[in-house]
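I opened my notebook to look through this structure step by step. Here are my entries.

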Amino acid sequence: MKEIKCPHCQTVFTIDESEYSHLLAQVRGEEFEKEISDRLRNELALHDEKAKNSLQEALSQKDSAINHLQNKLEQSLKDAQFNQEKELAKKNEQILSLEAKLEKIASQNALELANSLSDKDKELVALKNQLEKLELENQAKMQSALIDVEKERDSLKNELLLQEKEAALSLSSLKNDFQSQLKAANEQVEFYKNFKAQQSTKAIGESLELYAETEFNKVRSYAFPNAQFAKDNALSSRGSKGDYIYRETDENGVEILSIMFEMKNEADTTKTKHKNSDFFKELDRDRREKNCEYAVLVTMLEADNDYYNTGIVDVSHEYEKMYVVRPQLFIQLIGLLRNASLNSLKYKQELALVKEQNIDITHFEEDLDHFKTAFAKNYNSASSNFKKAIDEIDKSIKRMEEVKRFLTTSENQLRLANNKLDDVSVKKLTRQNPTMAAKFKELDSSD
């Protein structure tokens, strides 16, 4: 399974191999690449606009909160000032009342007036001290509230800056992800084009076989430890053969599963395009002649045909026990068929046991006839080979006699040559050569 991230809602979802292959197939066209690029630009622009709007909305909310706190602070200041003025008015009223009382009792007793004035002055000082204390307390409360508001404002500013940085980082990461995905898709498409362009038709077919064999060997040790998966090298009676044969038996030799595989690939530039159905009949014949239970066509033909791109295609309505798959579903199909065969293995084992325990006389006579026929065949073959060996020995004796005769003749010829060599002398050599005779005479006279 593959994970895909939606460029709109950022949701990660999984798709199977066939859908992923279908997406990759769509990437091949230049129009789709252009559409992807346009869509990426639009998505990035939309994401930038959404990020700006969300940031602007957050800023407006923070400004509104700050304004609300400032208004609340101003209202608190106004309430405190109003309370102070109210207290001052009360104190003035009390002072006026006291002054009136003082004026009223002034005539009664000067000492009492002086004492009363002294008490009132003390009371007034106490009231003034109390008023100053209240003012100081109010100022301290106002200062503390102002400090709290400033702290909250600074915290909101820092949070807003942090959100802006996170949004910028998220946008940058999103851009990098899309660019890397687009680059990987382009590289994969370019690689596939170059790979197809550089391979010959035979090499393309062999590359699919190599892919299938490699994929099977990756999981052979733990998924199919007792299975045989090898190329079909035995020609049928028609002179044809499949590509690979899968066979698996249990510990008692009872066959669990057998599959005849045919691998078909084709270059994009091939003028004559084959169809998958062109190979069904031949594959079915190979399956039957090689005694395989299933036939599977692993194909990359008809790449744009949705019928073969949906997954494992069952064509048993045309040919018995035949399936068509894309290369990426090659191992999955073997696993499905193997699981189905394991469910019926118990019945196969019981059937094999019954056959072993119920050997009748008919089978015994058939086996005896088979033995007689095979023995007679082997006897005739041995007799024929023995006669051939005797003939070959006779021929060898004749050839050795011929060799002996040739060697004897060669010996006579060598003896005659040796006799002739003994008869060679200077006189015989110079008898018909005047020049050499004159030279020898000159040598004799000089001596």
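Among contacts in the protein chain between residues at least 6 apart in sequence, what percentage join residues at least 24 apart? I looked it up: 59% of them do. Contact here means heavy atoms within 4.5 Å.

I noted the ground rules next. This is a predicted model, where local features need pLDDT of at least 70, side-chain atom pairs count only at pLDDT 80 or more, and totals for chains, interfaces and linings use all residues. Residues are numbered from 1 along each chain as its sequence is written, and side-chain values use heavy atoms, with hydrogens and water left out.

**Entry: the whole chain.** I found 10 helices and 8 strands in the protein chain. These are DSSP runs numbered from the N terminus: helices (H or I) have at least four residues, strands (E) at least two. Of the 447 residues, 23% are buried. Buried means under 20% relative accessible area, exposed means over 50%, and partly exposed is in between (1.4 Å probe, protein chains only).

**Entry: the cores.** I looked for nonpolar cores, meaning sets of buried Ala, Val, Leu, Ile, Met, Phe, Trp, Tyr and Cys residues joined through side-chain atoms within 4.5 Å. In soluble globular proteins, nonpolar side chains tend to be buried together. The largest core has 27 residues, and Phe261 and Val296 are among those with the most contacts inside it. Elements that each supply at least two of its residues include helix H4 (201–223), strand E5 and strand E6 (294–299). Helix H7 gives the most, with 6 residues. I also found a second, separate core of 12 residues, which includes Met260, Phe280, Leu283 and Leu297.

**Entry: Phe261.** I listed what Phe261 touches beyond four places in sequence; Phe229, Tyr246, Val296, Phe330 and Ile334 are among these residues.

**Entry: Glu262.** Glu262 lies in strand E5 (residues 255–264). Is it buried or exposed? Glu262 counts as buried because its relative accessibility is 10%. Its side chain makes a polar contact with the side chain of Lys264 at 3.3 Å. A polar contact is a pair of N or O atoms within 3.5 Å; within protein, one must be able to donate a hydrogen and the other to accept it, and residues adjacent in sequence count only if both atoms are side-chain atoms. Leaving aside neighbours within four places, Glu262 is in contact with residues including Leu283, Val296 and Leu297.

**Entry: Asn291.** Asn291 sits in the loop between helix H5 (280–289) and E6. Its phi is near 55 degrees, a positive value in a residue other than glycine. Asn291 counts as exposed because its relative accessibility is 59%.
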